[in-house]
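This report is intended for a reader new to the structure shown below.

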Amino acid sequence: MITEEQASEAVAEILGHYEKEKKNLIPLLQEVQTRLGYLPRKALQEIADFLKMPDVEVWGVATFYNQFRFVPLGKYHTVVCMGTACHLAGGRLILEALERELNIKVGETAEDGNFSLERVACIGCCMLAPVVVTKDRIHPKMTPFKVEEALIPYKQEAEGELEEGKSKSQN
Ligand code: FES
């Protein structure tokens with residue numbers, strides 16, 4: 001996980017490629033999010049200072065667009081395709097099943113940082129609809145009943161790492 005200092009360095013480097021013009025706000029937000037995975041509050045402040053815009057205005061613009069995130073993605077970031085083919089094949093029900101199973105809402109990251117959930121437009125494999133992608137692995141022909149099973153390997157991996165971390169700290 002990136003530290004606050006590393007995030008500030010990354011933002012400073014990005015800002016160095018832009019003119020201090022208000023029209024650069026959206027491209028700046030996009031580039032910072034691409035680099036950091038989300039928009040930390042401090043980064044928004046740094047962008048506002050750079051563009052000499054009120055913080056509240058930058059915040060208002062960032063929250064207006066649902067492409068922007070304000071919390072880090074989970075280790076097992078999960079996206080549910082809601083393009084036409086997947087939507088018609090039950091994407092909404094799968095999304096709801098994932099929300100229940102992970103105990104988070106779409107757009108959120110679980111408190112332990114393991115899972116985050118998002119809906120996306122067509123990801124280009126409609127023949128496999130409905131599709132869920134977790135940590136770059138495609139789960140084709142998903143159904144609400146397969147959600148629990150599909151998440152087991154990730155949960156086991158997360159638990160395994162937790163146990164490994166505990167035993168290392170005891171040694
Ligand atoms: S609509 Fe989901 S992959 Fe195309």
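## Domains

In this predicted model, the centres of domain 1 and domain 2, taken over C-alpha atoms, are separated by 29 Å. According to the domain assignment of the protein, domain 1 comprises residues 4-64 and domain 2 comprises residues 76-170.

## Helix H2

Helix H2 consists of twelve residues, 25-36. From its first C-alpha to its last it reaches 16 Å, close to the 16 Å expected at 1.5 Å a residue. Leu-28, Leu-29 and Val-32 are buried in this helix. Viewed down the axis of H2, these buried residues fall within an arc of 100°, so they line one face of the helix.

Pro-27 and Thr-34, on the other side of H2, are exposed. The cover over the buried residues of H2 includes helix H1 (4-15), helix H3 (41-51) and helix H4 (55-64). After H2 comes Gly-37, which has a positive phi, near 90°.

## Helix H3

In H3, the buried residues are Ala-43, Leu-44, Glu-46, Ile-47 and Leu-51. They are placed on the same side of H3 because they cover an arc of only 160° around the axis. The face turned away from this buried side carries Arg-41 and Lys-42, which are exposed.

H1, H2 and H4 are included in what covers the buried residues of H3. Lys-52 follows H3 and has a positive phi, near 55°.

## Backbone features in the loops

Most residues other than glycine have a negative phi, and most peptide bonds are trans. Against this background, several positions may be noted. The peptide bond from Ala-129 to Pro-130 is cis, with omega near -5°. Pro-130 is placed in the loop between strand E2 (115-120) and strand E3 (132-134).

Lys-135, although not a glycine, has a positive phi of about 45°. This residue is found in the loop between E3 and strand E4 (137-139). Lys-135 counts as partly exposed because it has 14 C-beta neighbours inside 10 Å. Lys-141, also a residue other than glycine, has a positive phi near 45°, and it lies in the loop between E4 and helix H7 (147-170). With 12 C-beta neighbours inside 10 Å, Lys-141 counts as exposed, since a residue is exposed if 12 or fewer other C-beta atoms lie within that distance.

Notes: Residues numbered from 1 in each chain as written. Predicted model: local features only at pLDDT ≥ 70, side-chain atom pairs only at ≥ 80, totals over all residues. Domains from an automatic or database assignment. Helix = DSSP H or I, 4+ residues; strand = E, 2+ residues; numbered from the N terminus. Expected span 1.5 Å × (residues − 1). Buried ≥ 20, exposed ≤ 12 C-beta atoms within 10 Å, placed from the backbone. Arc of directions from axis to C-beta. Contact = placed C-beta atoms within 7 Å.
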